[in-house]
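The following exercises are to be worked through with the sequence and the model in view. Each task is followed by a solution in steps.

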Amino acid sequence: MEGDEAMTALPDHGWLDAHPPPGRARLFSVPHAKGDYTVEDWLRLPETGERIELIDGSFLVSPMPGYDHAIAAKRLLRILDDARPEDYEVVETGNLEVGEDGLIPDIVVGHAEAMLSGVSKLSSGDVVCVVEIVSPGKSSHRRDYEIKPPKYAAGGIPVFIRVELQGDGAPRVEVFNLGARGYELVAEAKAGDTLTVGIPYPVSFDPAALTGLRR
């Protein structure tokens with residue numbers, strides 16, 4: 001109206017100085033390497049919110065997992081953490097040096113002394129169990145079935161657990177112990193069964209607890 005101050009959607013003068021807009025996402029380029037990338041190169045990568053692993057000298061970028069994957073990881077972490085003795089710790093994801101590879105398991109069970117020492121990565125000798133939850137897609141399936149398990153075994157990690165969220169009887173859980181020729185299946189269970197694991201410490205649960213509404 002006449003005599004009134006003009007209305008505007010713009011903020012008052014000085015408001016933007018006190019409330020700057022969020023910065024744009026920072027993109028980065030991977031430094032060129034004459035040969036294969038190393039664990040040191042991997043550890044120098046900036047945080048991007050993506051899962052970047054070093055496998056066979058190359059960087060492998062994985063998208064953020066789906067919510068069903070994240071919920072299953074959280075619930076299994078709680079089960080493993082509630083059962084652990086005091087000399088172990090359990091975390092969801094974490095940098096793990098396995099030979100010349102830099103891997104990021106979905107769950108890591110390791111020696112508490114090493115995990116509480118403030119390091120940015122663990123060596124495979126610090127870890128007693130790793131868990132991979134399979135995401136949809138051929139590349140994720142191949143990574144969790146064919147690529148990463150032999151590397152964990154070569155690194156001497158005693159126990160490998162794989163969780164499958166799709167297919168008949170899902171969720172299904174497989175437990176492998178390290179033997180003379182690599183990982184050997186020692187226990188498996190589908191939803192509605194009871195899975196009992198004795199190594200690295202005793203724990204029992206129904207895989208159905210990893211998905212669906214809490215009852």
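**Exercise 1: Helix α5**

Task: Describe the residue that follows α5, and then the helix itself.

Solution. Step 1. α5 is followed by G156, whose phi is positive, near 85°. The model is a predicted one, in which local features need pLDDT of at least 70, side-chain atom pairs count only at pLDDT 80 or more, and totals for chains, interfaces and linings use all residues. Residues are numbered from 1 along each chain as its sequence is written, and side-chain values use heavy atoms, with hydrogens and water left out.

Step 1. Helix α5 covers residues 138-154, 17 residues in number, and its first and last C-alpha atoms are 24 Å apart, close to the 24 Å expected at 1.5 Å a residue. The expected span is 1.5 Å times one less than the number of residues. Helices (H or I, at least four residues) and strands (E, at least two) are DSSP runs, numbered from the N terminus.

Step 2. At K148 in α5 there is a kink of about 40°, shortly before the proline P149. The bend at a residue is the angle between axes fitted to the seven residues ending there and the seven starting there.

Step 3. The buried residues of α5 include R143, D144, K148, P149 and Y152. Buried means under 20% relative accessible area, exposed over 50%, and partly exposed in between (1.4 Å probe, protein chains only).

**Exercise 2: Aromatic rings**

Task: How many aromatic pairs does a search of the whole structure find? Describe two of them.

Solution. Step 1. The search finds five aromatic pairs. Rings of Phe, Tyr and Trp (its six-membered ring) pair if their centres lie within 6.5 Å; planes under 30 degrees apart count as stacked, over 60 as edge-to-face and the rest as tilted.

Step 1. Y88 and Y201 form a tilted pair, with 5.7 Å from centre to centre and 40° between the planes. Y88 lies in strand β3 (residues 88-92) and Y201 in the loop between β12 (195-197) and β13 (203-205), so the pair ties together parts that are 113 residues apart in sequence. Both Y88 and Y201 are buried.

Step 2. F160 and F176 also form a tilted pair, at 5.8 Å centre to centre and 35° between the planes. This pair links distant parts of the chain, with F160 in strand β9 (residues 159-164) and F176 in strand β10 (residues 172-179), 16 residues apart. Both F160 and F176 are buried.

Step 3. One aromatic cluster is formed by Y152, F160, F176 and Y183.

**Exercise 3: Backbone geometry in loops**

Solution. Step 1. Most residues other than glycine have a negative phi, and most peptide bonds are trans.

Step 1. The bond from A170 to P171 is cis, with omega near 0°, and P171 is found in the loop between β9 and β10. I199 and P200 are also joined by a cis peptide bond, with omega about 10°; P200 is in the loop between β12 and β13.

Step 2. D56, a residue other than glycine, has a positive phi near 55°. D56 lies in the loop between β1 (51-55) and β2 (58-62) and is exposed, with a relative accessible area of 53%.

Step 3. T93 has a positive phi near 65°. T93 is found in the loop between β3 and β4 (96-98) and is partly exposed, at a relative accessible area of 32%.
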